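Student: I am new to this structure and would like to know what stands behind the words used for it. Please show it first.

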Amino acid sequence: QVQLVESGGGLVQPGGSLRLSCAASGIIFSIYTMGWYRQAPGKQREFVAAITSSGTTTYADSVKGRFTISRDNAKNLVELQMNSLKPEDTAVYYCTVPRSDYWGKGTLVTVSS
């Protein structure tokens with residue numbers, strides 16, 4: 001059974017930082033591209049970042065230069081370092097195996113003063 005469990009969300013002030021983690025189990029983690037999506041209140045879920053099995057990364061334009069995705073295949077972990085956070089980054093952040101049905105339950109990030 002595949003499980004993706006996110007952690008690390010919370011309340012942060014504008015300009016602050018958070019680090020999200022996603023622990024994966026039930027899959028051969030090292031061979032999969034992993035990704036982060038987010039869904040803000042009243043909006044559709046959108047792509048944030050992805051990292052391939054070989055470490056190639058892609059980012060949404062809205063987070064490029066502020067967010068960094070990384071992975072640790074030994075720990076079955078994918079992380080999202082979020083810097084210079086803005087109120088518009090407020091959303092539930094989801095870990096996923098792109099183009100699959102595998103999604104975590106999400107972790108809430110709120111950027112507010």
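Tutor: A disulfide here is a pair of cysteine sulfur atoms within 2.5 Å. By this rule the count comes to one disulfide. The model is predicted, so local features need pLDDT of at least 70 and side-chain atom pairs count only at pLDDT 80 or more, while totals for chains, interfaces and linings use all residues. Residues are numbered from 1 along each chain as its sequence is written, and side-chain values use heavy atoms, with hydrogens and water left out.

Student: What makes the link of Cys22 and Cys95 a disulfide?

Tutor: The S to S distance from Cys22 to Cys95 is 2.1 Å, and the rule asks for sulfur atoms within 2.5 Å. The pair therefore counts as a disulfide. The link is left-handed, with -75 degrees about the S-S bond.

Student: Which parts does the pair tie together?

Tutor: Cys22 lies in strand E3 and Cys95 in strand E9 (residues 91–96), so the link ties together parts that are 73 residues apart in sequence. Strands are DSSP runs of E with at least two residues, and helices are runs of H or I with at least four; both are numbered from the N terminus.

Student: Why is Cys22 called buried?

Tutor: Buried means under 20% relative accessible area, exposed means over 50%, and partly exposed lies in between, with a 1.4 Å probe and protein chains only. Cys22 has 0%, so Cys22 is buried. Cys95 also counts as buried, at 0% relative accessibility.

Student: Is Ser21 buried or exposed?

Tutor: Ser21, found in strand E3 (residues 18–25), has 16% relative accessibility and therefore counts as buried.

Student: What joins the side chains of Ser21 and Glu79?

Tutor: A polar contact of 2.9 Å joins them. The term means a pair of N or O atoms within 3.5 Å; within protein, one must be able to donate a hydrogen and the other to accept it, and residues adjacent in sequence count only if both atoms are side-chain atoms. Contact in general means heavy atoms within 4.5 Å. Leaving aside neighbours within four places in sequence, Ser21 is in contact with residues including Val5, Trp36 and Leu77.

Student: Where is Asp89 found, and why is Asp89 called buried?

Tutor: Asp89 is in the loop between E8 and E9. Its relative accessible area is 0%, so Asp89 is buried. A polar contact of 2.7 Å joins the side chains of Asp89 and Arg66. Among the other residues that Asp89 touches, not counting those up to four places away in sequence, are Arg38, Phe67 and Val111.

Student: How do you know that E7 and E8 pair?

Tutor: Two strands pair if DSSP finds at least two bridges between them. Six bridges join E7 to strand E8 (residues 77–82), and the two run antiparallel. Ile69 stands opposite Leu80 in E8. The open sheet of four strands has the order E1-E3-E8-E7, with antiparallel pairing. Strand E1 (3–7) and strand E7 (67–72) are its edge strands, since each pairs on one side only.

Student: What is the order of the sheet of six strands?

Tutor: That open sheet runs E2-E10-E9-E4-E5-E6, and the pairing is mixed. Strand E2 (10–12) and strand E6 (57–59) have a single partner strand each, so one side of each is left without a neighbour in the sheet. Three bridges join E2 to strand E10 (residues 107–111), which run parallel. Gly10 has Val109 as its bridge partner in E10.
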